[in-house]
Amino acid sequence: MEATAPWAVDVTGLVIGWTGGADANHGIVLRKPEGAPAAEGITFTGATLTVKYEAAVPPSAPVAPHSRPGDGGALVTWGTSKDSGYEDTALTYHVTAVNSTGTTVAQRTTTGTAAVFTGLDNGASYTFAVHASSPYGSSPTVTTNAVAPLAAPLAPTVYRDAVNEYLASTAALVTGAKDTSEGAVAGRPNAALYSTLLATEESWLIDTRDALRTKDLVYTGMTSTLSEVLAMPAADGTVTLRATVLEKKTAADMPSEPEQSEGPYYYSFSAGTSPKLRSKASAGQVEQRLATDESAFNSVVYGTVDNDGPEATSPPQRTAYTATASSATDVQIAPFASISANGTATWARNNWNARHDYPQDCTNYISKALHFGGGMRMKGVNKDKKNVDNWYRTKHMSPPHSGGGVYYLWSHTWTVADNMERFLSRNSNGAVYQETHQRYAAVGDVVFFNWGGKGGWDHAGVVTKMAGGKAYVSAHNNNRLNQRLDVYVQNQRGTWANIVRVKPRWY
């Protein structure tokens, strides 16, 4: 720590690291200010470390609960509790369905912010009570609006079967089992419901497949499993099928370790008894729930968006980016402390499908992997959150005279991909590689993505596996475990990525 007048140093970030599992073996070193002449002497006759202990408390109530009716069920969504009760404590949410007589008819538990109920009666009225729990207690309960499930134009199984066939037909194109959308849907009983959408995606799927093969990536198998499925009819007769999709892709060179991704999706069908599948979208963006007070402003994280589909765009000119050449003698050295790259990657693998703290969670996921897994210390704790030289997320207690309660402060560099990349470019000594040189990457490296050549960085992930000179990336938003970097890059024309070796130089 640099000792500067008035000889008081805020070590909040460091102590949080101790209690959170990071920096477990690091103490505090006092040194002269950077750049001070060697002859300038500083003498300390004593030093005091003051740590204020804040006891863990139960979480606060979930925010903005809402329910939406489906055929024989309902979808319940809410925003995360503002306070977990302790630094980044994992919360479990408990959701109870109550009928018009006050009787509990069903219950669900989840670590996410949505719950699907099935087996409810169409035409009956239901409300849903939601509360959060942690090892330190339970939050107050909040209740949704009342809804009455209603029948869709067709049986829910029709929509589900159509989506299953659509995903299987997509897999046939991705693996090369079929070379045309017509061939992929041939013989499938519900092809008329989704063949038009698949035809519009055919060229993108085949172009992506062929581009990946030039990178020696050939998928031999691809399966999609639906769970928590609910058909939700709208007043205009259209139907949205909401489903959690677990996708596994098997690569020819890694048959025993399939790439995995999991997340909720909306599949939208046109109205009537001969519906057409019109679109697929990530449910997380649609279901985002925010509080009605000023804290909602702090919950909106901009600039970190996961792109998961085709876009009509011309390949842009790539912006030049200076990279540091690799060397066999490139040794990571830090005079006071370093970062565990293996710890970063291990944390990321273990938490690839964990709860999201923010609606756009990719960069927060990377920050937590670096801090809690790798032991990287925060910088500029609780200072200007917009300053790209600061990196922190801390918990605080409001004073009693202001009503008490807990709140979090975080820098934009902790939660926004473009800001984090700028922070590392200014405060890390690590090498930077473009994806074309991914053979030099290592587990624990951070990857920044630019979708379609637009300005700034749009998404972030972490390298969690290296095999055959290829980098495999795990990420949040659409949660992914060990997906080939080439897949991210080839999914949309013009996308490119930088791989950053993290070597902190602020401690």
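The chat below goes through salt bridges, aromatic rings, helices and backbone angles in a predicted model.

Colleague: Before we start, what are the ground rules for this model?

Modeller: It is a predicted model, in which local features need pLDDT of at least 70 and side-chain atom pairs count only at pLDDT 80 or more, while totals for chains, interfaces and linings use all residues. Residues are numbered from 1 along each chain as its sequence is written, and side-chain values use heavy atoms, with hydrogens and water left out.

Colleague: Salt bridges, then: how many does the count come to?

Modeller: The count comes to 11 salt bridges, where a salt bridge is a side-chain nitrogen of Lys or Arg within 4 Å of a carboxyl oxygen of Asp or Glu. As background, side chains of opposite charge can pair when their charged atoms come close.

Colleague: Which residue does Asp389 bridge to?

Modeller: Asp389 forms a salt bridge with Arg426, and the closest N and O atoms are 2.7 Å apart. That pair links distant parts of the chain, since Asp389 is in the loop between helix H8 (362-373) and strand E13 (393-397) whereas Arg426 is in helix H10 (residues 417-427), 37 residues apart. Helices (H or I, at least four residues) and strands (E, at least two) are DSSP runs numbered from the N terminus.

Colleague: And is Asp389 buried or exposed?

Modeller: Asp389 counts as buried at 19% relative accessibility, while Arg426 is partly exposed, with a relative accessible area of 44%. Buried here means under 20% relative accessible area, exposed over 50% and partly exposed in between, with a 1.4 Å probe and protein chains only.

Colleague: What about Arg484, which partner does it have?

Modeller: Arg484 forms a salt bridge with Asp486, with the closest N and O atoms 3.0 Å apart, and both Arg484 and Asp486 are buried. Salt bridges that share partners join Asp253, Lys470, Arg484 and Asp486 into one network.

Colleague: Back to H10 for a moment: which of its residues are buried?

Modeller: The buried residues of H10 are Ala417, Asn419, Met420, Glu421, Phe423, Leu424 and Asn427. What covers them includes H8, helix H9 (412-415), strand E16 (446-450), strand E17 (459-467) and strand E20 (496-500), a contact being heavy atoms within 4.5 Å.

Colleague: Changing topic, how many aromatic pairs does a search of the whole structure find?

Modeller: A search of the whole structure finds 16 aromatic pairs. Rings of Phe, Tyr and Trp (its six-membered ring) pair if their centres lie within 6.5 Å, and planes under 30 degrees apart count as stacked, over 60 as edge-to-face and the rest as tilted. One of these pairs is Tyr159 with Phe269, which is edge-to-face at 5.1 Å centre to centre, with 70 degrees between the planes. The pair links distant parts of the chain, with Tyr159 in helix H2 (residues 156-175) and Phe269 in strand E11 (residues 254-269), 110 residues apart.

Colleague: Which rings link into a cluster, and which residue lies over the face of Tyr265?

Modeller: Ring pairs link Tyr166, Tyr194, Tyr265 and Tyr267 into a cluster, and Lys280 lies over the face of Tyr265, at 4.7 Å from the ring centre. The charged end of Lys465 sits over the ring of Tyr472, 4.2 Å from its centre. The rule for a charge over a ring is NZ of Lys or CZ of Arg within 6 Å of the ring centre and within 35 degrees of the ring normal.

Colleague: Where does H4 bend?

Modeller: H4 bends by about 45 degrees at Glu201, the bend being the angle between axes fitted to the seven residues ending there and the seven starting there. Helix H4 (residues 191-213) spans only 28 Å between its end C-alpha atoms, whereas a straight helix of 23 residues would span 33 Å at 1.5 Å a residue. That expected span is 1.5 Å times one less than the number of residues.

Colleague: Last one: what is phi of Asp216?

Modeller: Phi of Asp216 is near 65 degrees, a positive value in a residue other than glycine. Asp216 lies in the loop between H4 and strand E9 (219-233) and is exposed, with a relative accessible area of 60%.
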